[in-house]
Amino acid sequence: MSSYSYLFKYIIIGDSAVGKSCLLLQFTDRRFKNDHDLTIGVEFGARTVSINDKTIKLQMWDTAGQESFRSITRSYYRGAVAALLVYDITNRDSFVSLSRWISEARAHGNKDITLILVGNKNDLEEQRVISTEEAQSFADQNNLLFIETSAKTGNNVDAAYINTAKAIMSKI
Ligand code: GDP
């Protein structure tokens, strides 16, 4: 039997290839989708977590390859209480795009949507081009939570989702 106190819809946004579907799969299935797993199309997933003795079902929606701004419809944002705003720490273009993703989320999402900046691929330290300090200062300026993750090793993936849920709970 499944029962929960809250249901939170999360959406995962950001440029193509930053690791959005891998962040979803790592959280729901604890596995990494490498390039050979073309058969796995990840669009949707759910996992139940426990915070402050409350059971919360996190329902995650991935853009599933429709990252072009115009193709993400309002219905995708509807009801979302949080958005994971993902960039790749080895790709500056994906970091530069963040401002547009933030505007889009604030335009189409709920007014009080919780945004968490997720710097993914932090297992690739030697290829890093976005420092933690630069991202932290961007997060501070834009009122975002911030974390760095690796969908490959699993580093901080649970924390990205759970810290977001805690922030939402603190507003309820
Ligand atoms: P999406 O287009 O944003 O959904 O990106 P994907 O999840 O399909 O990942 C794009 C590519 O990056 C794939 O080749 C993944 O294997 C790779 N990738 C995703 N996350 C990580 C990570 O944390 N570390 C490394 N090294 N590669 C990753």
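Mentor: Begin with R30, R47 and D158, which a network of salt bridges links together. A salt bridge here is a side-chain nitrogen of Lys or Arg within 4 Å of a carboxyl oxygen of Asp or Glu. The model is predicted, so local features need pLDDT of at least 70 and side-chain atom pairs pLDDT 80 or more, while totals for chains, interfaces and linings use all residues. Residues are numbered from 1 along each chain as its sequence is written, and side-chain values use heavy atoms, without hydrogens and water.

Trainee: How many salt bridges does a search of the whole structure find?

Mentor: Side chains of opposite charge can pair when their charged atoms come close. The search of the whole structure gives 7 salt bridges. In one of them, D158 pairs with R30, and their closest N and O atoms are 3.5 Å apart. D158 belongs to helix α6 (residues 157–171) and R30 to the loop between α1 (20–29) and β2 (44–51), so this pair ties together parts 128 residues apart in sequence. Helices (H or I, at least four residues) and strands (E, at least two) are DSSP runs, numbered from the N terminus.

Trainee: Are D158 and R30 buried or exposed?

Mentor: Buried means under 20% relative accessible area, exposed over 50%, and partly exposed in between (1.4 Å probe, protein chains only). D158 is partly exposed at 22%, whereas R30 is exposed at 52%.

Trainee: Which residue does R92 meet in a salt bridge?

Mentor: The side chain of R92 meets that of E134, with 2.9 Å from N to O. This pair also links distant parts of the chain: R92 sits in helix α3 (residues 92–96) and E134 in helix α5 (residues 132–141), 42 residues apart. R92 is partly exposed at 37%, and E134 is partly exposed at 29%. A further salt bridge joins R128 and E125, whose closest N and O atoms are 2.8 Å apart. E125 is partly exposed, with a relative accessibility of 43%.

Trainee: Which residues of helix α4 are buried?

Mentor: An α-helix has 3.6 residues a turn, so residues three or four places apart point the same way. In α4 (residues 98–108), the buried residues are L98, W101, I102, E104 and A105. Viewed down the axis of α4, they fall within an arc of 165° (taken from the directions from the helix axis to the C-beta atoms), so they line one face of the helix. These buried residues pack against β1 (6–13), α2, β4 (80–88), α3, β5 (114–120) and α5; contact means heavy atoms within 4.5 Å.

Trainee: In what order do the strands form the sheet?

Mentor: Strands of a sheet pair through backbone hydrogen bonds, either parallel or antiparallel. Here 6 strands make an open sheet, ordered β2-β3-β1-β4-β5-β6, with mixed pairing. The edge strands, β2 and β6 (145–148), each pair on one side only. From one strand to the next, the twist averages 25°. Two strands count as paired if DSSP finds at least two bridges between them. β1 and β3 are paired in the parallel sense over 7 bridges, and L7 has K57 in β3 as its bridge partner.

Trainee: Which strands does α4 lie across, and which does α5?

Mentor: Axes are lines fitted to C-alpha atoms, for helices over the stretch in contact, and angles run from 0 to 180 degrees between N-to-C directions. α4 lies across β1, β4 and β5, at about 170° to β4. α5 lies across β4, β5 and β6, at about 160° to β6.

Trainee: Where is T63 found?

Mentor: T63 is in the loop between β3 (54–62) and α2 (74–77), and T63 is buried at 5% relative accessibility.
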